[in-house]
Amino acid sequence: MTTSAPKTNRIGLTLADYKGSPSTLCDGCGHDAITSQIIKSFFELGLSPHQVAKLSGIGCSSKTPAYFLNQAHGFNAVHGRMPSIATGVSMANHNLTMIAVSGDGDTASIGLGQFCHLVRRNVPMIYIVENNGVYGLTKGQFSATADLGSKLKTGVLNELPPIDLCGLAIELGCGFVGRSFAGDPKQLTALIKAAASHKGTAVLDVISPCVTFNNHEGSTKSYKYAKEMETPLHELGYIPFFEQINVEYEPGSVQEVELHDGSKITLKKTEHDYDPTCAINAMKTIKQAHIDKQFLTGLLYIDEQKPDFTSLLRVGEAPLATLPEEKTRPSKEVLKEIMEALM
Amino acid sequence: MKTLVADSKEKLGKGKIVNDFSIQVATVNGSGSQSSNNVLMRSIFQMGIPVSGKNLFPSNIAGLPTWFTIRVNKDGYIARKAEIDILVAMNPQTAIDDVKALTPGSVCVSPVELKLDAIRSDVKHYQVPFSELAAKASDNLKLRKLLTNMIYVGVVAELLNISHPEIENAITKQFEGKAKAIDLNLNAVKLGREWAKENLKKEDAYTVEPMDKTQGKIIIDGNAAAALGCLFAGVTVVSWYPITPSSSLCEQLIDYLKEYRIDKETGKATFAVVQAEDELAAIGMSLGAGWAGARSMTSTSGPGISLMSEFAGYGYFTEIPTVVFDVQRVGPSTGMPTRTSQADLTSTYMLSHGDTKHIILLPGSVSECYELSLEAFELAEKFQTPVFVLTDLDLGMNNWMSDPFEYPTKPINRGKVLDAAALEKAGKFERYKDVDGDGIPYRTLPGTDHPLAAYFTRGSGHTEKATYTEKPEDYVNLMNRLEKKFNTARQFVPKPILSQSKDAKVGIIAFGSSHFAVEESRDELKAAGINSSYLRIRALPFTDELKKFVTDHERVYVVEQNRDGQMRDLIALEMPELATKLRSIRHYDGLPLDASFVTEAVIREEKK
């Protein structure tokens, strides 16, 4: 028997180098499927794990950063407050690639305010919401993304409308908004990779069924419902900047969007003929999908022009975190000058 | 017993009272009197006479009454003086109450139309036609209102004999670079001064005479001083949410950063500031930045501290450095946002659920606002924990005279941070292991290029290797090490300042802005035959000096500005065997502490 060496990426690391500790979530949890796609995406992108900071709040989804990229610093914040931590981390060291995983409770309920302000500031990071419509760790209460009319296992009916995080993100000026499904690995990896190439907040709302508390008949976030209802707006592809691939497409059938780092996202049109560069169109599509009870996935909105938070801070290349004393402590003469002005 | 009239005659008739009085200017909030009051205070200061200025203002932008008090004191006492000697009653809303509150023999300068002389005949009135004079100062109605303030400066300057060149200097400084404003204001001062010279007959004792006691001194508020401390500590990330009375700390810091922390070679900022959406986010950002290696800080007041509670516990438990300023105001709840207090002490000391204890620094002067801010960043990184600096509105927002600040003598120390080379040398890294036996572990920063560098920060139970745990022994191990670290901090926090009087049986303990009132009170007590020693606490946790001080004195008065005697309780909690020696002096009406309050309280108790 011959053994072949494991495949390596452009920086010579194997897929195993991007793995984390074993998951402690329920068997079949949608979150684990997303974790696998994060590992795959980061491996294929060839990002250095030690240049990544992975962050989360509290909840089942927020446990997952422990399950990928063991060689990256991780931060499990308090419930709903990961965005403020992420903002601080970004200010201290904007050279880090930041990936955050949150849930629908962590983001749309307790953390809605911080989520909004993070998006509004356009802090450069990937923000994945593993959205299952329920609180798992506290055993199955509704979250604020549960659809109107959806049912809990106990038969309790949700009488409140959901908060659509994608619609909200677009409203707040987010320049990269995607919706996907844990059961659609191909689309999901394309979105994660493209999000990593985006300069600004990239929000990915990923429907991730909770096999224990929200996978039954009457749930709109179950595997069965999502599989049956998923309607991709387009067929998504991602071409990294380090690969020169030229694919021939039938004219007019594919829209290409160039991302900040030179990578490209390709959108092969379906019957929807959807243009994700128009915010008004995106909002309309999201609203219509709610009315039609459709589950649309894909890249809902993209704007590569919006300045990110780092550029607004007007800081230099080097991270503030490690600037030497001669850069951060003004001279003795400066203090003297200030004192004299106060005399 | 003397009658009021006899008393006032005595005061008016006893010749000159030189460089020892207080002036209170009563105006309407938003009327622009702040610059005039600064000019008045500065010109006296520039004559070499010690001064202090306190603004007693409402939580309002315009329309409500506000009072500015200048204390002039040849002996250098700069605490609040409760008694007003000279009232400038410019606010018709409060004029009657203001003049009624005066002690016999005081002076009252007021607009003639208020007819305040009809209310108090035992006060010396100087009535001035301010509207008429303002009409001469400008044709512009809006300007007239502002210039009226400078007219009273002129009248008061003439009455007190404040040197005109010093007024000119103060106005030039106040309106730096604005030639037109300087002219207009100087002219208004002259109008007031000349009118007073021609029309008023000096019939009171108060006057100023040049001294040499302010040479080389500065005037600054505590928030600006703290901002300077942050600037020279090399702060790199600042997050804040506006709240009175702390806003001006970050606002002044931003000004300094923009002026002095733009890299000359690249034109790039060596700092980042963010105005957060609330205080929960403000401390979150400051912790995130501290975790990633920045020198980070946030600044707030009571309501913000309450909101920061959860993250404060997180920072303590996961060991992340950051500095949190609490410029205290009156609570609970919204309380009185523009009044001073020291009532956040206990809640901040143990801020957050679970067993939590924080390092707290307690500056007692503007120079300590500067020095202890510098120290706070050092301690936060040394001990990898949030450090709280508690000042208050009186210290933070009022003008204090001080010696100039000293440039830091120690280089910046970032604490136990392992870089790639250090990791390579060590060959292993366990984030929460007590390697050195002082309870302080080593940390790494995200972005460190070494396979051993990464660890997972979590607010849940964690092992020495930073992995998740619910094992009883792991939790106990962690909590005990945190306690050990806290006890190590006792040797490194700023020591109390001791002023020992030989054979004193009475000890006084105070902290923060109570300091200058206590110093003055000790002199008053001495004059009354009570010899006292004084220990000023500058930090929590307590250091050994405190226990010795309490042990060495028969009765120890703990002076503080809160209702519950919080510092007294904390001392009693830590040294219950000495608790019976402690007496509590509590001042909590929202006004700055004055010496007589302390003096009277001690005398009352000592004469029992």
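A nonpolar core is a set of buried Ala, Val, Leu, Ile, Met, Phe, Trp, Tyr and Cys residues joined through side-chain atoms within 4.5 Å. The structure is a predicted model, in which local features need pLDDT of at least 70 and side-chain atom pairs pLDDT 80 or more, while totals for chains, interfaces and linings use all residues. Residues are numbered from 1 along each chain as its sequence is written, chains are lettered from A and ligands numbered from 1 in the order in which they are written, and side-chain values use heavy atoms, with hydrogens and water left out.

**Figure 1. The largest nonpolar core comprises 167 residues.** A:Leu55, B:Leu228, B:Met297, B:Ile509, B:Ile537 and B:Ile571 have the most contacts inside this core. Helix H14 (residues 366-383) of chain B gives the most to the core, with 10 residues; helices (H or I, at least four residues) and strands (E, at least two) are DSSP runs, numbered from the N terminus. Another core, of 55 residues, lies apart and includes B:Ile49, B:Phe68, B:Leu186 and B:Val189.

**Figure 2. Surroundings of B:Ile571.** Leaving aside residues up to four places away in sequence, B:Ile571 touches B:Ile509, B:Ile537, B:Phe542, B:Leu546, B:Val558 and B:Leu582 (contact: heavy atoms within 4.5 Å).

**Figure 3. An aromatic pair is formed by A:Phe115 and A:Tyr127.** Over all chains, the structure holds 15 aromatic pairs (rings of Phe, Tyr and Trp, the last by its six-membered ring, with centres within 6.5 Å; planes under 30 degrees apart count as stacked, over 60 as edge-to-face and the rest as tilted). The ring centres of A:Phe115 and A:Tyr127 are 5.1 Å apart and the planes stand at 65 degrees, so the pair is edge-to-face. A:Phe115 belongs to helix H5 (residues 112-121) of chain A and A:Tyr127 to strand S4 (residues 125-131) of chain A, 12 residues apart. A:Phe115 counts as buried because its relative accessibility is 0%, and A:Tyr127 counts as buried at 1% (buried: under 20% relative accessible area; exposed: over 50%; partly exposed: in between; 1.4 Å probe, protein chains only). The buried residues of H5(A) also include A:Gln114, A:Cys116 and A:Leu118. A:Asn122, which follows H5(A), has a positive phi, near 65 degrees.

**Figure 4. Aromatic cluster and charges over rings.** A:Phe75, B:Trp291, B:Phe311 and B:Tyr314 form one aromatic cluster. A:Lys54 lies over the face of A:Phe68, at 5.7 Å from the ring centre, and B:Lys124 over the face of B:Tyr126, at 5.0 Å (NZ of Lys or CZ of Arg within 6 Å of the ring centre and within 35 degrees of the ring normal).
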